[in-house]
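Have a look at the sequence and the model first.

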Amino acid sequence: MLQKKNLWWLLGVAVLAAFPLIVTNPSDTSIGVITLLFMACASSWNMFSGYSGYIALGSSVFYGTGAYTMALISIHTHMAPGAAMFWLVPVGGLMAMVIALPFGWIALRVRRHTFVVITIAVFFIFQLAAINFSFTGGTSGLALPFIQWGFSYYNVPFYYVALGLVIFITIVSAAVRRSRFGLQLLAIRDDEDRALGLGVKVIAVKITGFTLSAFTIGMAGAVYAMFVGQIYPQFVFDPVFDISVALMAFFGGLGTLTGPLLGALVLEASQQYLTVSFSNGSLYLILFGSLFLVVIMFMPRGIVVYVKDRLNKSAMARAAVATDQLAATGAGSSS
Amino acid sequence: MTTLLKAENISRSFGGLKALNGCNLEVEKGSITGLIGPNGSGKTTLFNVVTGYVKPDSGTVTFDGADITGYEPDKVFARGIGRTFQLTRIFARMTVLENMLVAIQHDEGWLRGMTRSKSSKVEVDNAMEWLDFVGITRLAEMDAGSLSYGQRKLLELAYVLVANPDVVLLDEPAGGVNLTLINQIADKIRTLNEQGKTFLIVEHNMEFVMNLCHSVTVMNQGTNLVTGNPAEVRSNPLVLDAYLGGGDDDEEVEVAANG
């Protein structure tokens, strides 16, 4: 059973790894890079918000922090443009964690809607700061060292680094889900006060989860900055990014391992593809919106959960023969 | 017998309402102590004060000789006070076994709790033993949210017990469950008590309280009215007054004026 599951994961990685070898058109592989970055971000966001139920809408704070870290360090140290800049990717992630610590410390004191509002407020503070500070270049942004890789080859290293991020966050996310830490996050999602009364140190658990999830988002931001070569406050501190990441996780299945990956893959890839295909007008937005509506209406808990439930139901139907065994639950049940 | 848990002169107001007004309570080590009183007399608030969910305006809570007034719920739990809630609170989207495993970590630091893997075999076995004790082992892999009300009560009892607290506070363990299950829960409590576990029970079911408890404290209007063994309490006229609204009108007016 577990073996079979692992095979599916390996197949998924193989398909994603083979993509730029088969599809060599740069405009397509460019969509691939952005999609993978969103997959990593959605998965990382889900590792905290999906598990704990704290819906954070300030992910771009980490994304932007990663992007600006990459830009500022590479510019100020006069880095030779090239693959060596990838070493700054984890630095971007670490900077995002440094930001996440006080951010979480402030925001995680409150719950539900108030938490959401505070994360949005913090996001605006960062966007305004990036626009108004001089070291960020203000609205004219920052230009990174120009990487002179060949046009047909340019996307490929970014693609595999982004794929590496996706694999990394998937493994971390799976490890968290299996750990006692993950169990504590889930307990917080279901009933925080009860968890507290059972000895879960909820504040420490929440801040750790929040900070941990910032790491990969910050790394993705750093890769993005290096990939596009020029960053602007309104594109790396982007409210649409905040919402997209959350929606991707909801779309695929909140709190599941595959859900956010699938959600980001389907939504980002189709959005990019539709934008390119229907450049005339905003037809793509209508198609995109309808796709979203269909999923929300018929699979409110996300695609992955819906499919799992369906599979479970059919398995249950097959096991219905053994129902009398279930019905005889007797002793302990009050029903 | 020594006093394990003691609440002295606890007061707590919510706005203009004095939910607790100089309330005292003592729980002897190894006893089953009952806490009864009409609705709104402050029983659950007292539970909340003892377990750290509500901070008292004044008064002290002492546990095993140490002052634990104002401790956070996780610390109170780590000290060895477990509780259940009147409306059962379980982790609905986790399996029954996972519910059990949340509670195990009461004595370890947060870093260790977060970094080690989910659960050792010993812990899982221990959790399964407690599930077996309350009789719901076969539900271990089910989502806790799909349990019936009575099964939830049993699960809540089991996951409080799994951490091996010194004293267990039960808020209406017999509320809303059928007679068979009530007797079953009473049996479990009696068995555990014989093994040395201390219980403090809030309950409206008089038969349950009177049969089970060694000592009963009656609360009324935020304070402790009478304490004694079940027979004494049953025959005390003050208790009847408290429950039936009292015969002496003058006294009632006086109490209202003071409150």
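**Exercise 1.** Is V168(B) buried or exposed?

*Solution.* Before starting, note that this is a predicted model, where local features need pLDDT of at least 70, side-chain atom pairs count only at pLDDT 80 or more, and totals for chains, interfaces and linings use all residues. Residues are numbered from 1 along each chain as its sequence is written, chains are lettered from A and ligands numbered from 1 in the order in which they are written, and side-chain values use heavy atoms, with hydrogens and water left out.

Step 1: check its cover. V168(B) has a relative accessible area of 0%, so it is buried (buried is under 20%, exposed over 50%, partly exposed in between, with a 1.4 Å probe and protein chains only).

Step 2: look across the chain. The C-alpha atoms of V168(B) and I201(B) are 8.2 Å apart, though 33 residues separate them along the chain.

**Exercise 2.** Where is S74(A), and which backbone oxygen does its side chain reach?

*Solution.* Step 1: S74(A) sits in helix 3 (residues 59-76) of chain A.

Step 1: its side chain reaches the backbone oxygen of A71(A) at 3.1 Å.

Step 2: with a relative accessible area of 0%, S74(A) is buried.

**Exercise 3.** Is F298(A) buried or exposed?

*Solution.* Step 1: locate F298(A) in helix 12 (residues 283-298) of chain A.

Step 1: its relative accessibility is 56%, so F298(A) counts as exposed.

Methods. Helices (H or I, at least four residues) and strands (E, at least two) are DSSP runs, numbered from the N terminus. A polar contact is a pair of N or O atoms within 3.5 Å; within protein, one must be able to donate a hydrogen and the other to accept it, and residues adjacent in sequence count only if both atoms are side-chain atoms.
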